[in-house]
Amino acid sequence: MSAQRVCALADVPQVGAVRVSATSADGAEVPVAVVRDEDGALHAVSDLCSHQDIALSEGDVEGCEIECWLHGSRFDLRTGEPSSLPATAPIPVYRLTVSGDDVLVDVDAEPAA
């Protein structure tokens with residue numbers, strides 16, 4: 001499946017995240033957090049913490065990291081790598097593009113470098 005519209009650009013907070021859903025090529029619904037970091041850059045990552053299935057979109061964004069509200073695990077929005085315990089596994093990072101006022105995410109493609 002290719003990039004699909006997941007939300008309007010205006011739906012994404014100035015700094016923070018919004019939970020959306022995308023459909024993978026095999027038809028599975030994928031929970032995605034569309035995040036705007038403190039520099040205004042947009043990112044799309046899995047909305048599930050790799051430590052426990054907790055919605056990352058409900059956590060705080062600081063710099064280019066998102067923090068899980070339950071146990072405090074932090075993840076780099078560019079790479080998905082954890083930067084604090086208890087999480088030790090990365091979260092998926094998805095390709096995000098903006099087309100006009102729409103945010104598009106491709107959950108099947110490798111993220112753009």
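1. A word on terms to start: two strands pair if DSSP finds at least two bridges between them, and strands (E, at least two residues) are DSSP runs numbered from the N terminus, as are helices (H or I, at least four). With that in hand, E8 and E9 form a hairpin with 2 residues between them. Gly-100, in the turn, has a positive phi of about 65 degrees.

2. Before reading on, please note that this is a predicted model, in which local features need pLDDT of at least 70, side-chain atom pairs count only at pLDDT 80 or more, and totals for chains, interfaces and linings use all residues. Residues are numbered from 1 along each chain as its sequence is written, and side-chain values use heavy atoms, leaving out hydrogens and water.

3. Have a look at E9 (residues 102-106) and its partners. Strand E8 (residues 93-99) pairs with E9 in the antiparallel sense over 5 bridges, and Leu-96 stands opposite Val-105 of E9. E1 (residues 4-8) is also antiparallel to E9, over 4 bridges; here Cys-7 has Val-103 as its bridge partner in E9.

4. How many residues of E9 are buried? The count is 4 of 5, and the strand is mostly covered. Buried means under 20% relative accessible area, exposed over 50%, and partly exposed in between (1.4 Å probe, protein chains only).

5. Leaving aside residues up to four places away in sequence, His-43 touches (heavy atoms within 4.5 Å) several residues, including Cys-64, Leu-77 and Leu-96.
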